[in-house]
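Have a look at the model first, then read on.

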Amino acid sequence: MNALTSFILILVVTGLAFAGGEISSCRVLLDVVLPYAAMAAFLVGLVYRVLKWASSPVPFNIPTTCGQQKSLSWIKSSWIESAHTKLGVAVRMAIEILLFRSLFRNSRAQIRQEGPRLLYSENKWLWLGALAFHWSMLVIVLRHLRFFVEPVPRFILAMDAVDGFFQISAPQLLVTDVVIIVALLFLLQRRLTDPKVRYISLFSDYLALFLLLGIAISGVLMRYFFKVDLEAVKQLAIGLVTFSPIVPASIGALFFVHLTLVSFLLAYLPFSKLVHMGGIFLSPTRNLPNDSRMVRHVNPWNYPVKVHTYQEWEEEFHDKIKAAGLPLERE
Amino acid sequence: MRDKVWIIAGLLLFLGLVTYPAWHDLVAGTTAKPPQLVLPANQKQCVAPLSYMRTSHMKLLLQWRRSVVRDGQTKYVAFDGKVYNMKLSGTCLRCHSQQEFCTRCHNYVGVRTPYCWNCHLDPAQVKRSAR
């Protein structure tokens, strides 16, 4: 049900964009107003989310660790998996962000058919699918710089050359285009076919996948099958980033679908689970060093507590205690 | 969190990277002006309508290559009934200049020089270098 409603939502947005592209009076809205509004929502929303996280206190030292903590000199400690130094934390974060270390640890629990035995096994597919999707996405986003920047930087052209390594057809088939769609379809089928994952999948989980699939598929169709006028696309893109927007006469209906879905993604991102893009850097379970035996972690909301120690109390009632014949500590 | 300085520095770095195209175009003085293409002086109509050529010329070239190399067909009947030889150097480059037409627009939209020129020559360039 969640999957179906999110799919229908994306279809409706696609249909609206498709229809809007056909009506010339809607083009200004789709070409100019929508991208600006979406970009503003993205930037403001992301800054808001990050600043809100930054101002949240972290009362406890709560790193999640997967290795031996640094303690006595003769016990071998794991300086990355249970980092106790800033360098260790930085390396651990880099491995997590660039290579998805924690997903590499993903396991699967299943009950064997022959007997009531719970089996745990390695399951690297989620890690591989996630890695394939995220890296393709990065390359594809960077590749799009060719529309926004004039002259086109060298590294974009170099990346394009590597991406089109196989030199299949014209326009050249780009490897990331294939990888991103395969990876997204795998991630989607994982949610649909595994009953346990399906049970915990929410509307927003499916929405993100269908949205990204919609963007990737509309982009691929535009590049390889239903061609659009690239010169007009670049004029529009440069017009947008230089704040002197122009509305080209015609680009192609698919372009409006692509642009609308991308705008949807930008505007939706800061307010959805997709904001893990920024959140991963601010996770206390990852970015805190595991040094609770070395450094005292002070709760930032601790206020100076007025204490009355036993020594002070004894001094205050010294005479009375003595008169009652009770033992005193300080005598 | 006590690492506010780092968080804000990271945030500013991210914002800088996201808005990089705007800064780049501002510094480079880029405008939405299309590239200056030198159009053929002697011809008014290409082998297919302008809108098709703008978006799908690479499809036509692939189709021509296939016809010539695989099927031995060398004549192309255009949409307006005119018959052309299916030749890149002999037909396309007779009117268009590789440097001032193909390459300029390809550079503009960041499409890498295709492997057409691994085999084909621009006759104008050959003439110039022969002199």
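1. Domain bounds here come from an automatic or database domain assignment. On that basis, chain B is divided into domain 1 (1-31) and domain 2 (34-130). The centres of domain 1 of chain B and domain 2 of chain B, taken over C-alpha atoms, are 42 Å apart.

2. A word on reading the model: this is a predicted model, in which local features need pLDDT of at least 70 and side-chain atom pairs count only at pLDDT 80 or more, while totals for chains, interfaces and linings use all residues. Residues are numbered from 1 along each chain as its sequence is written, and chains are lettered from A, with ligands numbered from 1, in the order in which they are written.

3. Chain B has six helices and two strands, where helices (H or I, at least four residues) and strands (E, at least two) are DSSP runs numbered from the N terminus. Along the sequence, the pattern in chain B reads α-α-α-β-β-α-α-α. The radius of gyration of chain B, taken over C-alpha atoms, is 22 Å, well over the 14 Å that the globule rule gives for 131 residues, so chain B is more spread out than a compact globule. That rule is 2.2 Å times the number of residues to the power 0.38. The C-alpha trace of chain B spans about 75 × 35 × 30 Å along its principal axes.

4. How much of chain B is buried? Buried residues are 11% of the 131 residues in chain B. A residue is buried if 20 or more other C-beta atoms lie within 10 Å of its own, exposed if 12 or fewer, and partly exposed in between, with C-beta atoms placed from the backbone.

5. Do take a look at B:Ala78, in the loop between β1 (75-77) and β2 (83-85) of chain B. B:Ala78 counts as partly exposed because it has 13 C-beta neighbours inside 10 Å. Leaving aside neighbours within four places in sequence, B:Ala78 is in contact (C-beta atoms, placed from the backbone, within 7 Å) with B:Val47, B:Ala48 and B:Tyr84.

6. Now to the largest nonpolar core, which has 40 residues. Such a core is a set of buried Ala, Val, Leu, Ile, Met, Phe, Trp, Tyr and Cys residues joined through C-beta atoms within 7 Å. Its largest share, ten residues, comes from α10(A). A:Leu184 is one of the residues with the most contacts inside this core.

Key
Contact = placed C-beta atoms within 7 Å.
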